[in-house]
Amino acid sequence: EGLCVQCLHIGPYSAEPATLARMETFIAANGLTVDIPARLHHELYIQDPTRTDPAKLKTILRTPVRR
């Protein structure tokens, strides 16, 4: 996928914006920029949301970046 910043988010999908905000802070603090053509982040679902307590859901959030 190329250069990216990723984070393991644990919790409900509704709480993802806070994790994405921390990722954006990390991106800016490290002199990176979000890859504009691929501006949307990607989500990799590790567990089945129909069988897992929302507080225990694990999702990898990945944002393409460039130097």
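Helices are DSSP runs of H or I with at least four residues, strands are runs of E with at least two, and both are numbered from the N terminus. This is a predicted model: local features need pLDDT of at least 70 and side-chain atom pairs count only at pLDDT 80 or more, while totals for chains, interfaces and linings use all residues. Residues are numbered from 1 along each chain as its sequence is written, and side-chain values use heavy atoms, with hydrogens and water left out.

**Exercise 1. Sketch the overall layout of the protein.**

Step 1: list the elements. There is one helix, along with four strands, and their order along the sequence is β-α-β-β-β.

Step 2: box it in. Along the principal axes, the C-alpha atoms fill roughly 40 × 20 × 15 Å.

Step 3: check the burial. Of the 67 residues, 28% are buried (buried is under 20% relative accessible area, exposed over 50%, partly exposed in between, using a 1.4 Å probe and protein chains only).

Step 4: look at contacts, meaning heavy atoms within 4.5 Å. Among contacts with a separation of 6 or more, 67% join residues 24 or more positions apart.

**Exercise 2. Find the nonpolar patch made with Leu 8 and place its members.**

Step 1: apply the patch rule. Members have over 30% relative accessible area and no salt bridge; nonpolar side chains (Val, Leu, Ile, Met, Phe, Trp, Tyr) are joined within 5 Å, like charges within 9 Å. Leu 8, Ile 10 and Ile 46 give a patch of about 290 Å², with areas from the Shrake-Rupley method and a 1.4 Å probe, where for residues only the protein chains shown count as cover.

Step 2: Leu 8 sits in strand S1 (residues 4-10), while Ile 46 is in the loop between strand S3 (42-45) and strand S4 (58-66).

Step 3: compare with the cut-offs. Leu 8 is partly exposed at 45%, and Ile 46 is partly exposed too, at 48%.

Step 4: bridge the sequence gap. Ile 46 and Leu 8 are 38 residues apart along the chain, yet their C-alpha atoms are separated by 9.7 Å. Beyond four places in sequence, Ile 46 touches Leu 8, Lys 58, Thr 59 and Ile 60.

**Exercise 3. Track down the salt bridge.**

Step 1: set the rule: a side-chain nitrogen of Lys or Arg within 4 Å of a carboxyl oxygen of Asp or Glu.

Step 2: name the pair. Arg 66 pairs with Asp 35, with the closest N and O atoms 4.0 Å apart. Arg 66 is in strand S4 and Asp 35 in the loop between strand S2 (33-34) and S3, so the pair ties together parts 31 residues apart in sequence.

Step 3: judge accessibility. Arg 66 is partly exposed at 41%, and Asp 35 is partly exposed at 24%.
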